[in-house]
Amino acid sequence: MAALANQLPIGLSIAAVLLLIALGLTFTFGQMGVVNMAHGEFIMVGAYTAYLLQGAVGGQSLLVALPVAFAVAGLLGLLLEWSLIRRFYGRPLDTLLLTWGVSLVLQQLARDVFGAPNVQVTAPAWLVGGVDVLGVRLPHNRVFITALAALCVLGVGLYLAKLPQGRRMRAVVQNRELAACSGIATGRVDRSTFLLGSGLAGVAGVALTLVGPVGPGLGTFYIVDAFLVVVAGGLGRLRGAVLAALALGFLNGYLEFWTDASLAKVLVFVAVIAFLQIRPQGMVALRGRSLG
Amino acid sequence: MNPVLEVRGLRVVFDGFAALDGVDLTVAEGELRFLIGPNGAGKTTLIDVITGLTRPAAGSVRFDGVELVGLREHRVVRLGVGRTFQTAAVFEELSVVDNLDLAAGFRLPLRSLLRRRRGISDEVAAALETAGLTALADRPAGVLSHGQRQWLEIGMLLVQRPRLLLLDEPVAGMSRDERERTGGLLERIARTHTVVVVEHDMEFLRRYAREVTVLHQGRVLREGSVAEVQDDPRVREVYLGRSKGEAVT
Amino acid sequence: MSGRISLVLCVVLLAVAPLVLSPFRLGLLAKYLCFAIVAVGIALAWGRGGMLTLGQGVFFGLGGYAMGMHLKLREAGPAGLPDFMVWSGVEELPALWKPSANPVFALAAVVVLPGLVAFLLGLLVFRQRVRGAYFAILSQALAAAFVILLVGRQGLTGGTNGLTNFSRFFALDLTDPGGRRVVYAITAAALVLTYLAVKLVVRSRFGALLVAVRDHEDRVRFLGYDPALVKTITFAASAVVAGLAGALFVPVVGIISPALLGVVPSLELLVGVALGGRFSLAGAVAGAIAVNYAKTLFSEDFPEGWLYLQGGLFVLVLVFAPRGLAGVVEAARDRFRRRPREEVAG
């Protein structure tokens, strides 16, 4: 029973990381029809940013790394959007392959710059260890990651609900043409979505340095699961992404605990397929009146 | 007369808005029925429900005594109900013949589907003739004009030998000439088929309609001959009177 | 007509290859041909059917493991156990392996297993109208899960190392150049036959139906066909083709391992198809052979350059020639043909 409870913070932190990654994916997919396989490399960029800052700043580099990684990954996303992706709007399958090509190049670039072996980021002292609450061991780093994700989701939620930019973004997700007709500069909204989504992936990268090593393939490890969150959660919806990330995070955490890592992945996949049998609506495009 | 289509108490709700609110409709064998009503009256929604595209919240649709509600689209077609769409949807990369051949082959077993088409079947040739597309038979359907696409779609319906045809605004966006030809086509088809036509165009209605059903705000407002419907003050109020300008164009 | 001439030309080229290539180079060519077989299946599912499958490695792997397991059992030591099981301390042959001893079962499993998995997945996914990028993502997740499962079940699958050290392919001695030449011939014949079979499907009514489903799935429903079934059958067929290629890959290269089947290798299978042109079967075959040849060249000299080139290729093809080289050739031919007419008109 105690072991079961101790798995809780692990599942929660897996969910938190998945959510940070999936937010960008679900919005770029929902809003622009872009399936960004290079999103995983923004995670890697964030993680390497933390690694570099550790050398430059030392001790409390983590807190510096969060905003810097957001900016670096965000700007990289912006660059990708501006240079390539905007030519491919509405062609999701082509963007998938295109961005996968980009992802290969970025990974090799990381290998050339930082070397193929993994590097380690040392967590600050206040994130080492944990506390016991009602007999449940809460490791500090897992709690921190969960809180970080919660804060980011809260931020994104507020952005969407309160700020004019966020409202414009929601408008474009719901109906691009109508939004354009009502005078919204959709191009600018697209770019800010990309900046936000890629930036969050960078933050996720920093968070991941707290639980594991950093390597050029870091992104590929998480991108598939994050896409499953998008599939299960439905398009461009914050609430869907949160629920799906929680479900998949806990499923991953507990299945790995009960069976083992290799069987867990298969079972998660089966669970997603089973879920689609009950609720495909989340992911099927709304049916219009004409079939044009 | 033998009722082919019986719609009873049909109710469709979109996000709390009742697009259809208790619609009853009976279409008899061999009838040519026009379905009219102002925008948002629920005409297309009605066709969508009959063909399985939209699920109703309540009510039943019986075709030849068989309940259609709950059947998937291709099952409905296989029972003998065919439809066209407001924006004609044809397969642009396939030739006109292949479009028709595909429509005609829907009852073929997989084994026959895996064979190549040899020549043009009599049925497809006849449909080419009826649709006036014989000269364009081998061109990709993508080169067809808007009117020609509608005729191709109607041709695709005919080779399927449906017992009930549902045409959704067949003359929308057509030139006067094209409307004439479509009307002629419709008259010919109606001789041998049961047809329901959704239409906005009042001139077209007056020329070709026999029985008319007027929908308004998701309910049946009036049913009768063209003359009866036109004389009904309620119909005038909700439909004819208000949109005369648009209707006469 | 020109298509038939080029086909004959290609068959002749495949036939003379053993006479002019060294055994090593012939082995490499045979490997490219295996990938070309997969490419034919991808061109069918993706080009014709619009189903971007990012999980072909799974089906390639299922075929490969089905074949590899049988070959391993033929060469098994005195305890009837494959070498890797002895090393990892397995004492009794796992139940999952037992049927593989039967050659008929193994050969059937090569095509039935991938076909069945694809059919099941296709049915569950396409019936719910999950399609496009969602399907691509799901097929990719399948590849990811499959590889993790293979790696994790060390005693059952050989783990990361996979199945390797094959010295015989049924009656053929794989250490002998003569035996390897026969394996090459079988692979080449398999490619030609697969190509012809898929070509027939593409030209049949079913081929037209498939294009119709790709372009207007919803409209096809109202013609009385079930698009989910059409897609499922096609997807399963492409999986069968991949399974066949995987099975041939085992005697050709002498190994089947998770590193060949995961997310990245599955995407690599697409590079050639995208480059050659997904709408053209011949283009897909040529693209697959060319890309894998380029990979060999680069891996020999500077391996890190290959990833840049591969990534760059994807970007360049999609930006400048989304229909691939076959599309470029077609466009050029169209322009060439149209020009005289325009001069007449002008």
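Which residues is A39(C) in contact with, leaving aside its neighbours within four places in sequence? They are L269(C), G272(C), V273(C), A284(C), V285(C), G287(C) and A288(C). Contact here requires C-beta atoms, placed from the backbone, to lie within 7 Å. The model is predicted: local features need pLDDT of at least 70, side-chain atom pairs count only at pLDDT 80 or more, and totals for chains, interfaces and linings use all residues. Residues are numbered from 1 along each chain as its sequence is written, while chains are lettered from A and ligands numbered from 1 in the order in which they are written.

A39(C) also belongs to the largest nonpolar core, which has 277 residues. Together with L19(A), L20(A) and V40(C), A39(C) touches the most other members. A nonpolar core is a set of buried Ala, Val, Leu, Ile, Met, Phe, Trp, Tyr and Cys residues joined through C-beta atoms within 7 Å. A residue counts as buried if 20 or more other C-beta atoms lie within 10 Å of its own, as exposed if 12 or fewer do, and as partly exposed in between; these C-beta atoms are placed from the backbone. A second core is separate and has five residues, including V172(A), V173(A), A179(A) and V189(A).

Chain B holds an open sheet of six strands. The order is β6-β7-β8-β3-β9-β10, and the pairing is mixed. Each of the two edge strands, β6 (81-83) and β10 (219-225) of chain B, has a single partner strand, so one side of each is left without a neighbour in the sheet. On average, neighbouring strands of this sheet are turned by 20° against each other, direction ignored. Such angles run from 0 to 180 degrees between N-to-C directions, with axes fitted as lines to C-alpha atoms, for helices over the stretch in contact. Strands (E, at least two residues) and helices (H or I, at least four) are DSSP runs, numbered from the N terminus. Two strands pair if DSSP finds at least two bridges between them.

Strand β3 (residues 32-36) of chain B is largely enclosed by the rest of the structure, because five of its five residues are buried. Both faces are covered. L32(B), F34(B) and I36(B) lie on one side, and R33(B) and L35(B) on the other. β3(B) runs parallel to strand β8 (residues 194-198) of chain B, and four bridges join them. L32(B) has V195(B) as its bridge partner in β8(B). Four bridges also link β3(B) to strand β9 (residues 211-216) of chain B, again in the parallel sense. Here I36(B) stands opposite V214(B).

Another open sheet in chain B has four strands, ordered β2-β1-β4-β5, with antiparallel pairing. β2 (17-28) and β5 (66-67) of chain B are its edge strands, each pairing on one side only. Two bridges connect strand β4 (residues 58-63) of chain B to β5(B). R62(B) stands opposite E67(B) there. Helix α1 (residues 43-50) of chain B lies across β1 (3-14), β2 and β4 of chain B, at about 70° to β2(B).

Chain A contains a hairpin. Its strands, β1 (residues 130-133) and β2 (residues 136-139) of chain A, pair in the antiparallel sense over four bridges. G130(A) is bridged to P139(A). Two residues separate the strands, and L134(A) takes a positive phi near 50°.

In chain C, the axes of helix α2 (residues 23-48) and helix α8 (residues 177-203) come within 9 Å and cross at roughly 15°. α2(C) and α8(C) are therefore roughly parallel; that term covers angles under 35 degrees, whereas over 145 is roughly antiparallel, 65 to 115 roughly perpendicular and the rest oblique. A212(C) is found in helix α9 (residues 205-221) of chain C. A212(C) is buried, with 25 other C-beta atoms within 10 Å. The C-alpha atoms of A212(C) and R48(C) are separated by 9.1 Å, although the residues are 164 apart along the chain. Not counting residues up to four places away in sequence, A212(C) touches F91(B), L94(B), L102(B) and V220(C).

Notes. Two residues are in contact if their C-beta atoms, placed from the backbone, lie within 7 Å.
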